[in-house]
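Let's take a walk through this structure together, one piece at a time. Please keep the 3D view open as you read.

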Amino acid sequence: MSRGTQIRLLSFTLLLIFWSSFAWYKADPQLLPSPLAVAAEVQSLIETGKLWPNLFATLQRVVFAFTLAMFIGCVLGYCMGRNANFNAWLDPWLIMFLNIPALIIIVLCLIWIGLNEIAVVTAVTLNKVPLVTTIIREGARNASTELRDLAKVYKLPRMAQVRHIILPELYPSIVGAARAGLSVIWKIVLVVEFLGGSSGRGIGLQIHTQFSVFNVTGVFAYAISFVAVIMLIEFALLQPLESRLNKWRGHA
Amino acid sequence: MLKLNLKEKHFGDEVVLSKISIQLKKGERLAILGPSGVGKTTLLRIIAGLDSDFSGSLSAPDNVGLMFQSPNLLLWRNAHDNLAIFHPKASSQSIEKALLDVGLAGKSLHYPHQLSLGQQRRLALARCFLADDELICLDEPFASLDDSLRLDMRELTDRLLQHRALILVTHFAGDAEALGCQILNLSAKLP
């Protein structure tokens, strides 16, 4: 086991110890349940079949909104980073959308579109696109102009430019935007589900239900289950992808 | 082979180049000299076909070899790929030969950061000369190199050029003399 992994495990153990100690100190399971009580609740949710449909419903919304926000944000960000006029046109919009509170967009989408899946995905995507656009725009601005000049002089086909120059230059920004995006999107999805109820399934809706009966253990159980899934995506998907894209750096 | 009749080149309201005429035949070499900001690189970009926003006329070969001061290599690809991507029609053998010519034999699988600055410049030169283009444009190719490396790169450039025409942008008159270039001094055209 590497030293980094050991430190991570130790850090996680410390977190559990802090949590347990605080729960023991408060001695009120209704207010702050212990990690063991939450684990038992998670197990119960799994056994009764309540967890997976809700987890899947929320994950589906996260995936849709994430994909849409990344695609739109990457295209807009790249165009704004490379074209001053395009940037001048869209920059005020970007600043405006960056500063509109997420809650306002969520409420307006739910009112205008209705309590359905389209409203959920639209609200989350609209909240996320400005952040992705901003990160990708900076990446595109820092991209080498001379490499593009060389591509032009050597008559590189457009697709070859995208594959060999544009995308590799943007990879760090894309991965950064993806990571920041994922962490924000699932939180917004939960808020939308909490407020909108969506299709009757979802972690946010279940948290709403648990909240209404003041079951803090249930709130913790659903929240931690979803955090675990997001961490799995981070460690099993994003980090391996990032190390694959940065493989060339390891050839030193 | 190269015929440029540049009347004026503006950046906004500012005239950066005016009344420049260049004619270059196969095998001839021309150095563009002058202090920073005088428009040397702008002139080179016009000749290389990267900037067509000027008044006048240009007749240049379709295929031009170009190298900037910075090697501008694809840091995420190895030396072989750095040549192959910009010259997709080049065979593996010709790429290996190009690497051999610039003293990078056996380095084809090395990534740019595994090469020294001198080797990176050599790789950029190999990319520039690989396609046997009639006209080679070099923008400050020897800048920020120490004396021995500068000498080495000049000799290499001279050897690789053979019959090709050269446009060299440089601060150093010594570079132009060493490569036997005619000189176009842009500072003489300053108001």
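**Starting from one methionine**

Leaving aside its neighbours within four places in sequence, Met70(A) is in contact with Val132(A), Ala177(A), Ala178(A) and Gly181(A). Please keep in mind as we go that this is a predicted model. To find Met70(A) on your screen, look in helix α3 of chain A, which covers residues 51–82. Is Met70(A) buried or exposed? A residue counts as buried if 20 or more other C-beta atoms lie within 10 Å of its own. Met70(A) has 21 such atoms within 10 Å, so Met70(A) is buried.

Now turn to chain B and its sheet. Five strands form an open sheet in the order β5-β6-β7-β3-β8, with parallel pairing. At the edges you will find β5 (64–67) and β8 (182–185) of chain B, each of which pairs on one side only. On average, neighbouring strands of this sheet are turned by 15° against each other, direction ignored. As a reminder, strands of a sheet pair through backbone hydrogen bonds, either parallel or antiparallel. Zoom in on strand β3 of chain B (residues 29–33): four bridges join β3(B) to β8(B), and the two run parallel. Here Ile32(B) stands opposite Leu184(B) in β8(B).

For a closer look, pick Ile47(B): apart from its neighbours within four places in sequence, Ile47(B) is in contact with Leu2(B), Leu4(B), Ala60(B), Cys137(B) and Ile167(B).

Finally, let's see where the chains meet. Here 16 residues of chain A are in contact with 16 residues of chain B. On the chain A side, α7 (145–153) and α8 (158–196) each supply at least two residues. The largest share of that side, six residues, comes from α7(A). By class, the side of chain A that touches chain B has 10 nonpolar, three polar and three charged residues.

Definitions and conventions
Residues are numbered from 1 along each chain as its sequence is written. Chains are lettered from A and ligands numbered from 1 in the order in which they are written. This is a predicted model: local features need pLDDT of at least 70, side-chain atom pairs count only at pLDDT 80 or more; totals for chains, interfaces and linings use all residues. Two residues are in contact if their C-beta atoms, placed from the backbone, lie within 7 Å. Ala, Val, Leu, Ile, Met, Phe, Trp, Tyr, Cys and Pro count as nonpolar, Asp, Glu, Lys and Arg as charged, and the others, Gly among them, as polar. A residue is buried if 20 or more other C-beta atoms lie within 10 Å of its own, exposed if 12 or fewer, and partly exposed in between; C-beta atoms are placed from the backbone. Two strands pair if DSSP finds at least two bridges between them. Axes are lines fitted to C-alpha atoms, for helices over the stretch in contact, and angles run from 0 to 180 degrees between N-to-C directions.
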